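Student: Please walk me through this model. I would like to start with how its chains meet.

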Amino acid sequence: MYVLLSKQLPLRIKRVWRKTIFVTTSILLVGIVSCGFILNWLDFWNNYWLIASVSGVSLIMIHTIISLILIPYRYTFNRYEITNEDLAFQKGYFFRSTTFVPINRIQHIETEQGPFLRKENLIELRIHTAATTHHIAGLDIEEAQELRNQIIALVKVAKEDV
Amino acid sequence: MSKKQRYHPLSWIIEFFQQLKNFVVPIILALVGWREVSLIYLSIGLFVLISGVASLQYATRYYQLTTDSLIVYTGVLNKKETVIPYERIQTLKQQQWFFFKPFHVVRITIETAGGSSTEAEAILTAVPETVVQQLEELRHQQREARKINVYEVTTSQILVFSLTNLSIFATFFAILAFVDQIIPASWSTWLLTVGEQFLQAGWLMLLLVGCSVLLLVSALSIIRHMIFYYRFRVTRQPETLTLERGLLERKTQKIPLTKIQGLQINQQVLRKLFGLVSVELLLASGQEEDDELKQVFLLPIVHEKEVSQVLRTLLPEWQFPNAELHYTSRNKTWYFLRIPLMILIPIIVGVFFIRPWLSIIGLLLFISWLLIEMVTSYYQGYVIINQQLCIQQYFFFTKIQTFVKRAKIQALYEETSKWLYLKEIYHVRLFIKANTSAASLRLRYIDKEDLSKIKAFYQKK
């Protein structure tokens, strides 16, 4: 059996993802439609443009629908774990990957919060090593704070310079 | 280090006997000549004289252990200082008279390579036993600290380096493009007619022209590399590596050893024929950006057989295994081939129906892709020695061996799929900080056993 890591993101992240997908899709659609209007207004509109924009729109819709369908999958298999030695991030079920980052390689930690995350009282954590960056898509603010302190404490204990 | 010190008082006795020996002739003369003085007075007088001299000697002789050298002071009126740097000390002899033993005192004789006399450079007549130990340590430290190894690339090596550089061909094509862009149309039509004439003159002429262009390009490449790498020199100091190079402008780069993220031994296909490799340093960015060459060569070109020897002298703290690699995927060639096959067969078949001749080009590309994958599956491997990992990969037709210290690996990424998981096959990727090839440490389709070995190496405290 495939071993999953212990920690999952809060359930509310699904709502954030859904909103993000909707917003991206609508921005793209609005873009395509307004391009169409501009072309029409400039008298450039013809059948080729029609085919291009219809296929564009349908690609976007397909992508959106697949993304929406995959949200539970994404949620279930997006996991992480923090031990005293390292952080682990896991992704995917069909194509599986796990990344391990030793605590003493962490250079700095960044947090970010967009409007959707703020609404759900969540925060994104970005962990930087000298060479790589890793994300935890959304955590409770208190949890993130706690995690940050925990990591910083651990980093202080074991510091190895680049 | 220590202050100027007198010898142990016991040295006075040694000094006394020494002086007695020096006074042998006068003593005998006195005994023969001065019959009228009584023997007792004579011996008392001599004793006073000799002990006086001995005391004077004792009072004016010092030694001192400084941080980098031993200093011996002698002379009553004519003061003399002998400075012996520790690393110059050849031999240290110690002697201990029976009467020294209870006081834990020894006599130390120090010899250096210099000095034609048979006499020792310095004699510490009576010093505590601990001084021997101290001297040994200081000498050892100095030797370690001052150990400097230099490696210089010869001009003929740079020549071979520039000729085997595959970027020659890139330059060649760049020149062609340049010619095409710059030269006016009338010229190129003229060139074309000349070309036609050449064609009429036959293949020989065409070959001649091609060869001369290639020669020109090689000459350019040689000049360029000569300017860059002229008298390329690596100097190893205790904490840094210094690279010097350049003909017109001498460039010096000091690299602290702790900043070396990894080391790469590269061998591309053309150099394999000559048995040559080049060694690159992987450095975290922030090192001075080199205008044209992003790569930092430790050894631009070196013979395969010499490389580990040279590297051992320059970087003794690294291990360079020669042929102890564990090859991971020799029995998994099929896995390497299946994706290219899956992608390319439909494309080639499809293209064949549209443009048959195009599919031949496709077939050639396809075969070279398969070849690369096969070579990769055959030669990719790794070896772990102490705190260090070596990974061998193939990138196109270049063999790359990367050496990394455990402490410099930033993250480990393992990858599998639902189906490969059942067969216990994984990919692994290690990230180190390096501006050119950050994510190049990659092994594909390896057994779980190898993955766990690499993980264990990486995660152990």
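**Chain contacts**

Tutor: In this predicted model, 25 residues of chain A are in contact with 26 residues of chain B, contact meaning heavy atoms within 4.5 Å. Local features need pLDDT of at least 70, and side-chain atom pairs count only at pLDDT 80 or more, while totals for chains, interfaces and linings use all residues. Residues are numbered from 1 along each chain as its sequence is written, and side-chain values use heavy atoms, with hydrogens and water left out.

Student: What area is buried between chain A and chain B?

Tutor: Buried area is the accessible area (1.4 Å probe) that two parts lose on being put together, summed over both. Carbon and sulfur atoms give 52% of it here. The total is about 2,100 Å².

Student: Which element gives the largest share of the side of chain A that touches chain B?

Tutor: Strands here are DSSP runs of E, at least two residues, numbered from the N terminus. The largest share is eight residues. They come from strand S4 (residues 95–102) of chain A.

Student: Which strand of chain B is joined to S4(A)?

Tutor: Two strands pair if DSSP finds at least two bridges between them. Here six bridges do the joining, and the strands run antiparallel. A:Phe100 has B:Leu412 as its bridge partner. The strand is S19 (residues 409–417) of chain B.

Student: How many salt bridges does the rule find across the interface of chain A and chain B?

Tutor: The rule asks for a side-chain nitrogen of Lys or Arg within 4 Å of a carboxyl oxygen of Asp or Glu. Across this interface the count is zero.

Terms used
Chains are lettered from A and ligands numbered from 1 in the order in which they are written. Helices (H or I, at least four residues) and strands (E, at least two) are DSSP runs, numbered from the N terminus.
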